[in-house]
Amino acid sequence: MTVADAANLHTFVDALQFIVDRPGFLATKALEQLALSGAALAIALAVALPLGVALGHLHRGSSVAIAASIIGRGLPSLVLIAAFLTVLGIGFVNNMVALAVLGSGPILTNSFDAVDRVDRDAVEAARGMGMTDPQILRRVELPLALPLLFTGIRVAAVTIVATAPIAAIAGGGGLGDIIVNQASYRLSGVLGASLCVMLLSAVVFAALTGVQIAMTPRGVRRTRVIGEPQRREL
Amino acid sequence: MNAAAEITFDHVTKRYAGRDAAALDDLSLEIPAGAFCILVGPSGGGKTTALKMVNRLIPFDSGDILIDGRSVRDIPVVELRREIGYVIQQVGLFPHMTVGENIGTVPRLLGWPKAKIRARCGELIDLVGLEQSDLKRYPAQLSGGQRQRVGLARALAADPPLLLMDEPFGALDPITRFRLQTEMRRLHREVGKTVIFVTHDIDEAIQLGDRIAILREGGVLAQYDTPDAILAQPADDFVAKFIGEDRALRRLALKRLSDVKLSPTNGADQQPRVSIETTVRNAVSLLLETKTDHLLVEDDNGQVVGAFRFSDAGALL
Amino acid sequence: MSVLAAGGPVIPTFGKGSSCVTGDHTFCWDWVRGHWHDTLGPALVQHIELTAIAVAIGFAIAFPLALLAHRFQRLEQPFGIFSALLYTIPSLALFQFLVPFTGLTVTTVEVALVAYTLVILFPNITAGLHSPPEEVLEAARGMGLTRLQVLMRVELPLATPAIIGGLRIAVVSTVAIATIAAFLLPKGLGYPIFLALKEPTPFKTEIYSAGALAVALALSCDAALVGLRRLVVPWASKGVA
Ligand SMILES: Nc1ncnc2c1ncn2[C@@H]1O[C@H](COP(=O)(O)OP(=O)(O)O)[C@@H](O)[C@H]1O
Ligand SMILES: [Mg+2]
């Protein structure tokens, strides 16, 4: 295959044809990818969210959060997936763990930041009126931290879904299987699967943004939800 | 606890970690139940520190603080704080809750039934001079003065016998501050709670307090007495400087013509007239302004009850 | 398969080499030493090239664009949303998407990498330009500075920390994303990893050494930019990542 025929824009027509021809197959692959992503996100949430929230509540460990954000960004997904593969072997578990590590960065950083930044006067008022620490967390800090905290979750989710195709190289399955296997699916298949991957990421992004807008408390709804560029990573 | 609590500071000392100077040095203070006690002094005098020790937001090193004879250390901290209203300058309203939800926070923590909380909110919003419709608004939609009114209502919600206030009006413009000060005095008369009120503004202290504790740098108590007694006899140079050289006039501002032994009048007099509720300071000002030697004082019904002269003012001091 | 065909036989198979290599032990220094010149070194240089070009072009586009958006503020929201959406596009998919236009070339890779740096740099530069408080701008205007002077003497200097912050994120992310280029081209630190994964059993030493180089490259670029910031903005020494 040469550059010359690659440039042929008819490949896009072929790619669309590929999608139209095999909706069931692509849907199965997409679900595979979502299952892997969901499992990875669940693990990342279970580990990073309580840690970030606890550190934020205590106003301790900002260096941990900053390190998490730098390491989160600086760790190439391919390196992570390859490294875990050598330890955990090929397949679902390896990819799930690698993607979970990747997703933990933004979750940890943002949940720390979100809780750490909650207006100290509101927290002092809450403590002064006799709220216990769990009550302060539940009634004051978490509701106010929610928008930023959810941004972290959204960034993590999009990062994981967007990285999942790379996991195909380590037996992760999903739409990536088609993208890395041009020998079987030809360029039309690779391109068709790529378009599906883009669509999938965009849907996840849009859905989570919608959820985020809906769950932001009304009293603090002025924060812009889309485009917190400082913290975005892939 | 009773409707109003009696507070005792018993040789309380506090030194923050890593600092040589004490923030509060052997403070002893008796605040009778129902008093409006002001802690006043220059910035860094340990006022905030003293206040926050009462609800144990700051621990103290030695000595003790008693509420109705019971050490604050013997009361579980959460229970203690729920029985004390707390108001700070920055207010600290919860931005994600409506005014009503903010006010109802402590009652909710205490497990009051919903109907009772709603009724209480309605009552308090009147008490602090806001509209019932404000209950549905969010803090971001309120002015600074309105926010502080909500903060006050929130602190009063569970009817605590003690109210701690840390420069609550410090961030407000003079007109709003004056209005809130006036209402705060009315409110204190109506609800009859013990109030400990921190300010660095001596005027505010004199206007509001029935007892004033003056703290100097290093957290040392310089003088503790009624405003009148402090103005009449400052304990030392520091206090004298702090209350200002016009202390005689300030004292007169605390008194009304009803406190004065008036001179008799002589029949059909054309002198300016003033109400018996006028402060002596304002009456003196009027004497100077109108360049006369006496004013006619009338009661609520417009009946002249006597004359006021310079010498009558002097007799008060 | 195009990728492997493009690659050629660079990587040793398990048949040759020391017992460490043939046994695929955890880490074989002798392999790293033996293949620094034909594998790791060139891959590192290519990786630096890919990153440097992408960030340089990205900055050259983002900076004037941000100035424009700063001047005509109505442009900013659409740019911002477009950026956020673009960043959700998985890199692997974006590379493939560009192949029909530009083929399996460095251009394809760079176009994608530049797009990602734009998405990071543009909002950070705009945010930086917005950072001076209104009263500072008012004071500047009150002293009689023209709009251009306000930009040059107040807004740009005060935006520098945010701009460098954006560069940090852009460089570090680009180093990471550039590893994905290996799916298209035999270039960068991703390529040795990619090939190691294609072995019957993944070759650990190659994965670890190339991976470590990529991470080290990202961290040293980040550290260099932190140093740069300390140099050019001494007033904002305490920074957040
Ligand atoms: N958390 C703290 N840690 C260390 N020192 C403090 C702390 N809070 C207050 N201080 C110091 O204690 C002294 C009294 O402070 P504060 O009670 O806030 O005074 P005031 O309220 O009268 O202005 C000051 O010198 C202040 O710097
Ligand atoms: Mg204070």
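Over all chains, a search of the whole structure finds 12 aromatic pairs; rings of Phe, Tyr and Trp (its six-membered ring) pair if their centres lie within 6.5 Å, and planes under 30 degrees apart count as stacked, over 60 as edge-to-face and the rest as tilted. One of these pairs joins F183(C) and F194(C), edge-to-face, with 5.0 Å centre to centre and 70° between the planes. F183(C) lies in the loop between α9 (147-178) and α10 (190-198) of chain C and F194(C) in helix α10 of chain C, so the pair ties together parts that are 11 residues apart in sequence. Helices here are DSSP runs (H or I, at least four residues), numbered from the N terminus. Both F183(C) and F194(C) are buried, that is, under 20% relative accessible area with a 1.4 Å probe, protein chains only.

This is a predicted model: local features need pLDDT of at least 70, side-chain atom pairs count only at pLDDT 80 or more, and totals for chains, interfaces and linings use all residues. Residues are numbered from 1 along each chain as its sequence is written, chains are lettered from A and ligands numbered from 1 in the order in which they are written, and side-chain values use heavy atoms, leaving out hydrogens and water.

F12(A), F97(C) and F101(C) form one aromatic cluster.

Which residue has its charged end over the ring of W112(B)? K116(B) does, 4.1 Å from the ring centre. Likewise, the charged end of R154(B) sits over the ring of F94(B), 4.7 Å from its centre. The criterion is NZ of Lys or CZ of Arg within 6 Å of the ring centre and within 35 degrees of the ring normal.

Terms used. Helix = DSSP H or I, 4+ residues; strand = E, 2+ residues; numbered from the N terminus. Buried < 20%, exposed > 50% of the residue type's maximum accessible area, 1.4 Å probe, protein only.
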